[in-house]
Amino acid sequence: MSCYWCHNPEGRPTHSQIKYIADRCIGCLECVKACSNAAHIASNNIHIYNRERCVKCGACVDTCYTGALELTGKEWTVGQVMDEILSDSAYYKDSKGGVTLSGGEPVLSGEFAKAILESCKRENIHTAIETCGNYDWKKLAGLLPFIDLVMMDLKHMNSEKHRQATGQANEKIIENARNLAHTNKPILFRTPVIPTFNDTPEEISEIASFIKSLMELRNNNGYSGAKSCDIQYELLSFHKLAANKYSSLGLEYKAQHLQLLNNNKMDELKNIAGDFGVLVI
């Protein structure tokens, strides 16, 4: 999806990107020497970065000691990821935490995501996944045996409004939420509360009512150990902490004009959702 308020725009593409943080640049022009595609040039000793010529090789990043140029992603093997995870294994035990796959959309990483989750379970590490839910069910179903907690966004119940804001309709998401309710996996549904998109009592009520129906479905589906309290709801207040990411990636931040929601507004929406018998955190 392409939500216009996305907090991780660097995670959407399947390849690395170059972030250029202009106010860190001191004009040393070492990146100009390093770039073989003339993506970095000097005009009157002023650095200019042309993204259209950039092949994201990262050569310029290696020369930029001020951090004005950053590579947003790396290609790692499962073994490298697990080495990083296991270096913090003592912390997981003390905090009773674990590993969460996020994104972008981690489910679309397929076998790579599965291999990380399997490896974590062999090490008795709790696993979770943050997902938008917009894919064929079988993609998530193949990962579920190795996932302890599913965190899924429910952004809006109106499919057309959902499409206008995210680029995608919500039918697959709704279907996958129902499919999840037919399992005994703990679920934390999440709604990023975005001003002018889904911040009205009516819109939050529609989502909470749907979640309540999933709780009832789970209670009645006969799965051993499944409880309604295994389904929870979280409201996430909109913020603009990602604004600088957009500028550093040469992207337009379309949520810039939105106003932040105050605590009273969020408390009101939390209480409305709670009135449906949904456990809101």
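A: What follows is a quick tour of this predicted model.

Q: Where is G104 found?
A: G104 is in the loop between β5 (98-101) and α5 (111-122).

Q: Which residues is G104 in contact with, leaving aside neighbours within four places in sequence?
A: G11 and R12.

Q: New topic. How many residues are in the largest nonpolar core?
A: It has 46 residues. Among those with the most contacts inside it are I85, I147 and F189.

Q: Which helix gives the most to this core?
A: Helix α9, residues 201-220, with 7 residues.

Q: And what does I147 touch?
A: Not counting residues up to four places away in sequence, I147 touches L117, T127, A128, I129, L140 and K185.

Q: What about a second core?
A: A separate one has 14 residues, including W5, C6, A242 and L258.

Q: Now the helices. At what angle do α3 and α5 pack?
A: About 40 degrees, with their axes 10 Å apart. The crossing is right-handed.

Q: Which residues meet there?
A: V78, V81, M82 and I85 in α3 meet F112, A115, I116, S119 and C120 in α5.

Q: How do the residues of that contact divide into nonpolar, polar and charged?
A: The contact of α3 with α5 has 8 nonpolar, 1 polar and no charged residues.

Key: Residues are numbered from 1 along each chain as its sequence is written. This is a predicted model: local features need pLDDT of at least 70, side-chain atom pairs count only at pLDDT 80 or more; totals for chains, interfaces and linings use all residues. Side-chain values use heavy atoms; hydrogens and water are left out. Helices (H or I, at least four residues) and strands (E, at least two) are DSSP runs, numbered from the N terminus. Contact means heavy atoms within 4.5 Å. A nonpolar core is a set of buried Ala, Val, Leu, Ile, Met, Phe, Trp, Tyr and Cys residues joined through side-chain atoms within 4.5 Å. Buried means under 20% relative accessible area, exposed over 50%, partly exposed in between (1.4 Å probe, protein chains only). Axes are lines fitted to C-alpha atoms, for helices over the stretch in contact, and angles run from 0 to 180 degrees between N-to-C directions. A crossing is left-handed if the near helix is turned anticlockwise from the far one by less than a right angle, and right-handed if clockwise. Ala, Val, Leu, Ile, Met, Phe, Trp, Tyr, Cys and Pro count as nonpolar, Asp, Glu, Lys and Arg as charged, and the others, Gly among them, as polar.
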